Amino acid sequence: MKMEKMGPKSGKDSSSKDARVLVRETLRMSANLASSPASLSKLICWEEMDGNRWNYVAEIENNKISFRPLSLQTQESQKHNIPLPIHEVMSFVKSYLVPEGFPQSVSPSYVPYMSWRALKHLFGGAMGVFTTQTLLASVGVSKNRVAPGAVAINWILKDGAGRVGKMLFARQGKKFDYDLKQLRFAGDLLMEFGAGIELATATFPHLFLPLACAANVAKNVAAVTSTSTRTPIYKAFAKGENIGDVTAKGECVGNIADLLGTGLSIFISKRNPSLVTTFSLLSCGYILSSYKEVKSVVLQTLNCARFSVAVESFLKTGRVPTLQEGNMKENIFSFPWKERPVVLGSRIKDAFQDPSIYVAIEPLFDKERYIVTYNPSKCKVYAVLKDQAKPDDILKAAFHAHVLLSFLNSANESKVSSWKQGEDFNSNVTHTVSDFEARIADSCKIVANSYGLFKNKANEQGWTMSESLLNPGRARLHQLDNR
């Protein structure tokens, strides 16, 4: 009982003792500093932030104690022999251009992407000056050929046409996710096409309004494409919850490059260069930079182009390409409106040219939630999705379609080889059309044994399999129960 009563008192005495010790040590330090010479600096502590180090010292001067931070040369600046003032300026600029925690906070592909993006904006900013000068000259501002009111109306109509084009193109929506790189590059090509139309107004000033409207529609559609694909690209670079920081710094880099390009073009324009030559050089630089910019992006999801690369590599070598390899081999020129050999989620009337073919192969897919076939009249492989199809079924249907396509391509190569050796090519083609049902049956066996292995190897390489962007059609097959 006595111990219980003394416990709280003992704790209180201990707390009071610690407080007295702290006060005594503080007074002792102050006394030591006060008894020091007229001017003295004593290191108290140091801190580090973004690679920069500061020493905090207690400085005594005329019996007054002050707290002062001292910036020190960092290991990075010492390694590269960079003077401290220059290093501080570089750190200040870096805070505007790269995300916090760089390079650990972003993926490795961030640097090449931003480098090519800056170069693209440099060419774009330079070209903007020449196109604006041309438009103003064509509309009559430079020569006062028309009334200011007519100039303003023409300019407003031009901008209005661009906004209408932007609004109409925005309905593409999900395609910006399915074919991100392809549409991004197509948008940049369209931007250059619009710039070329703007320059054409110098040759046809009497057609200013239709040409300017067409150019503005093209450039606004390109702007929608750039804006819509920007966030997914930045998201691929962000390693943590820092997509806002990555986006802000990326836009800052683009704006700085635009300003530099504008200044460069103003300097060039004073020398009265050839408009065609200047546009050609700047346009080539812009398109090349855009291509390199898009190719440098490494995405983890599987769209049609990357999925085709992955399956083709798996069927030929037994391995799935890495993220870097798959993105590098992706065909950037495979635009959404381009005809593709594999159609996913197609309608029955497109997939089958004869009902008997459907009846013949339907039992092969009785346990699957899709049906894969080949239409000889259209030379395409079609994957028809059933109404119960889930994301994994869609992925498997796409894999099966590519396996069947590989079978048919191999068969066609052997037919061509036989034809070159003197056999009748037409009979071989007829044979291909008649026996593709057997090839579908063979493909079912291959898919049953290899699809799981393909998925495992793709997961090992870091590919995101659960959120594929294969752009399946909306048609779904509902089968009759009384078959």
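**Figure 1. Right-handed crossing of helices α8 and α9.** In this predicted model, helix α8 passes helix α9 in a right-handed crossing. The contact draws on Arg-230, Thr-231, Tyr-234, Lys-235 and Phe-237 from α8, and on Ile-243, Val-246, Thr-247, Gly-250 and Glu-251 from α9. Sorted by class, the residues of this contact are 4 nonpolar, 3 polar and 3 charged. A packed pair of helices is described by the angle between the two axes and by the distance between them. Here the axes of α8 (residues 208-237) and α9 (residues 243-269) cross at roughly 115° and come within 9 Å.

Figure 2. Tyr-110 belongs to helix α4, which spans residues 110-139. Its relative accessible area is 3%, and Tyr-110 is therefore classed as buried, the limit being under 20%. Apart from neighbours within four places in sequence, the contacts of Tyr-110 are Leu-97, Val-98, Pro-99, Phe-102, Phe-237, Val-246, Lys-249 and Gly-250. Among these, Phe-237 also takes part in the contact between α8 and α9 on the α8 side, while Val-246 and Gly-250 take part in that contact on the α9 side. The C-alpha atom of Tyr-110 is separated by 9.7 Å from that of Ile-233, although the two residues are 123 residues apart along the chain.

**Figure 3. Aromatic cluster containing Tyr-110.** One aromatic cluster is formed by Phe-102, Tyr-110, Tyr-113, Tyr-234 and Phe-237. Two of its members, Tyr-234 and Phe-237, are residues of α8 in contact with α9. Phe-102 and Phe-237 are also listed among the contacts of Tyr-110.

**Figure 4. Edge-to-face pair of Phe-185 and Phe-333.** The count of aromatic pairs comes to 14. In the pair shown, the rings of Phe-185 and Phe-333 lie 5.4 Å apart, centre to centre, with 90° between their planes, an edge-to-face arrangement. Phe-185 is located in helix α7 (residues 180-200) and Phe-333 in the loop between α12 (323-329) and β5 (342-344), so the pair ties together parts that are 148 residues apart in sequence. Phe-185 is buried, at 3% relative accessibility, whereas Phe-333 is partly exposed, at 42%.

**Figure 5. Thr-278 in helix α10.** Helix α10 (residues 275-295) contains Thr-278. Thr-278 has a relative accessible area of 9% and counts as buried. When residues up to four places away in sequence are left out, Thr-278 touches Phe-130 and Pro-273.

Figure 6. Cys-379, a residue other than glycine, has a positive phi near 55°. Cys-379 is situated in the loop between β6 (370-375) and β7 (380-385), and is exposed, with a relative accessible area of 53%. Asn-471, likewise not a glycine, has a positive phi of about 55°. Asn-471 occurs in the segment after β8 (464-469) and is partly exposed, at 29% relative accessibility.

**Figure 7. Overview of the protein as context for the close-up views.** The secondary structure comprises 17 helices and 8 strands. The protein has 483 residues, of which 38% count as buried. Among contacts with a separation of 6 or more, 70% join residues 24 or more positions apart. The accessible surface amounts to about 27,600 Å², and 59% of this surface belongs to carbon and sulfur atoms.

Terms used
Residues are numbered from 1 along each chain as its sequence is written. This is a predicted model: local features need pLDDT of at least 70, side-chain atom pairs count only at pLDDT 80 or more; totals for chains, interfaces and linings use all residues. Side-chain values use heavy atoms; hydrogens and water are left out. Axes are lines fitted to C-alpha atoms, for helices over the stretch in contact, and angles run from 0 to 180 degrees between N-to-C directions. Helices (H or I, at least four residues) and strands (E, at least two) are DSSP runs, numbered from the N terminus. A crossing is left-handed if the near helix is turned anticlockwise from the far one by less than a right angle, and right-handed if clockwise. Contact means heavy atoms within 4.5 Å. Ala, Val, Leu, Ile, Met, Phe, Trp, Tyr, Cys and Pro count as nonpolar, Asp, Glu, Lys and Arg as charged, and the others, Gly among them, as polar. Buried means under 20% relative accessible area, exposed over 50%, partly exposed in between (1.4 Å probe, protein chains only). Accessible areas come from the Shrake-Rupley method with a 1.4 Å probe; for residues, only the protein chains shown count as cover. Rings of Phe, Tyr and Trp (its six-membered ring) pair if their centres lie within 6.5 Å; planes under 30 degrees apart count as stacked, over 60 as edge-to-face and the rest as tilted.
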